[in-house]
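Take a moment to turn the model around before reading on. We will walk through it step by step, from the overall picture to single residues.

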Amino acid sequence: MITANLLSSSHKIILLSTLILVLVPATVSGGCTCQDDQTEQLNKSEALKFKLAAIASVLGAGGIGVSLPLLGRRFHVFRPENDIFFMIKAFAAGVILATGFIHILPDAFRTLTSPCLGENPWGKFPFAGFVAMMAAIGTLMVDTVATSFYKNMHFSKSKQVNVDEEAGDDEHAGHVHMHTHATHGHAHGAAAPSHEMSLSDLARHRIISQVLELGIVVHSVIIGISLGASESVDTIKPLLAALSFHQFFEGMGLGGCISQAEFKSLTTTIMMLFFSLTTPIGIGVGIGISSVYKENSPKALIVEGIFNSASSGILIYMALVDLLAADFMNPRMQSNVRLQLGAHISLLLGAGCMSFLAKWT
């Protein structure tokens, strides 16, 4: 009896060991999917229809989103001095912030820690976080240097014009002007700070709009190529709706910054077109390279991961520092409790909606 039990136990141990040896390698090997899944149902002709629909939808959504704040010159509700503009901008900033934290940065970590990449160095150092951090620091440096350069350039021109005007007045006024010039000098001294402040604000808005567009465009190209290169209808369908929403509200945030920057009409038009066309062009490029593009190849993973990391760092910095901090510390908002409440709710709604949609993108 004891011998039978021992044999039975031995058989169980052998059977269990065999199952472990069979199942564990299968589980481990299943973590790395470096080859394309051949079992997925692919319908290239149907996928192409959805890709073309995505180009039209994303182009329209982005164009409308970036244009709405610029219509403030004709419609009072969209003017920067209106309360609703603060809430719209807070919602868009929430979308941009969630895009960086919830959508882009986790994707960057996933691609740069993929088992398809070698353990050394990609598995031993958090490159995604490092690149995002350096991109944020780099954005701060560009922001600071460009703003300082812009202010110094325009202030020197402004001071030169004032000196020339005063010199002309001295030539024509004679001795009597000496008394009135003191009054003029006092008035000019009082007016200078407000003029200086307006130039400083204008410089900030222009730098913000340009750097923000750079961060958005980098990500838009990556996700456009990814959508265009995909041959799975099940992947493209949710991306179509999510990207349209994404582009619309990112466009509103960027359009608000462009509106406050007061660019010339040509520059404004170029920036609007550049933003609106970037993702559709990325989709077109993805369609063109879909036959040779391998999304799980090491080169594709490294390039996508680094660009996504940099884009997330730029967007997070811009959303927190240049969009939210600038508006929420504005004296007008600080003195208006209702406006603060509306802006906070709008911010949470924007971040929440984009966080919910992140699973589809």
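Predicted model: local features only at pLDDT ≥ 70, side-chain atom pairs only at ≥ 80, totals over all residues.

Residues are numbered from 1 along each chain as its sequence is written, and side-chain values use heavy atoms, with hydrogens and water left out.

Now for the overall picture. The protein chain has 10 helices and zero strands; here helices (H or I, at least four residues) and strands (E, at least two) are DSSP runs, numbered from the N terminus. Of its 361 residues, 39% count as buried. Contact in this text means heavy atoms within 4.5 Å. Among contacts in the protein chain between residues at least 6 apart in sequence, 85% join residues at least 24 apart.

What lies inside? A nonpolar core is a set of buried Ala, Val, Leu, Ile, Met, Phe, Trp, Tyr and Cys residues joined through side-chain atoms within 4.5 Å. The largest one here has 35 residues, and those with the most contacts inside it are Leu-212, Leu-254, Ile-258, Met-318, Leu-323 and Phe-328. At least two residues of this core come from each of α3 (83–112), α5 (177–229), α6 (233–261), α7 (265–289), α8 (298–328) and α10 (337–357). The largest share, nine residues, is supplied by α8. There is also a second, separate core of 11 residues, which includes Ala-47, Leu-227, Leu-240 and Leu-243.

Next, look at how helices pass one another. To describe this, axes are lines fitted to C-alpha atoms, for helices over the stretch in contact, and angles run from 0 to 180 degrees between N-to-C directions. Angles under 35 degrees count as roughly parallel, over 145 as roughly antiparallel, 65 to 115 as roughly perpendicular and the rest as oblique. A crossing is left-handed if the near helix is turned anticlockwise from the far one by less than a right angle, and right-handed if clockwise. For the residues involved, Ala, Val, Leu, Ile, Met, Phe, Trp, Tyr, Cys and Pro count as nonpolar, Asp, Glu, Lys and Arg as charged, and the others, Gly among them, as polar.

The crossing of α3 past α8 is left-handed, and their contact has 20 nonpolar, eight polar and four charged residues.

The axes of α6 and α7 come within 11 Å and cross at roughly 165°. These two helices are therefore roughly antiparallel to each other, and their crossing is right-handed. On the α6 side the contact is made by Gln-247, Glu-250, Gly-251, Leu-254 and Ile-258, and on the α7 side by Thr-268, Met-271, Phe-275 and Thr-279. By class, these residues are four nonpolar, four polar and one charged.

In the loop between α6 and α7 you will find Glu-262. Is this residue buried or exposed? Glu-262 is exposed, because its relative accessible area is 54%. Glu-262 also has a positive phi of about 55° although it is not a glycine.

Finally, visit a few buried residues. His-246 lies in helix α6 and counts as buried at 3% relative accessibility. Leaving out residues up to four places away in sequence, His-246 touches Thr-99, His-219 and Met-354. Ile-208, in helix α5, is buried at 6% relative accessibility. Apart from its neighbours within four places in sequence, Ile-208 is in contact with Cys-257, Met-318, Asp-322 and Leu-323. Gly-342, in helix α10, is buried too, with a relative accessible area of 14%. The C-alpha atoms of Gly-342 and Ile-84 are separated by 8.8 Å, although these residues are 258 residues apart along the chain.

Key:
Buried < 20%, exposed > 50% of the residue type's maximum accessible area, 1.4 Å probe, protein only.
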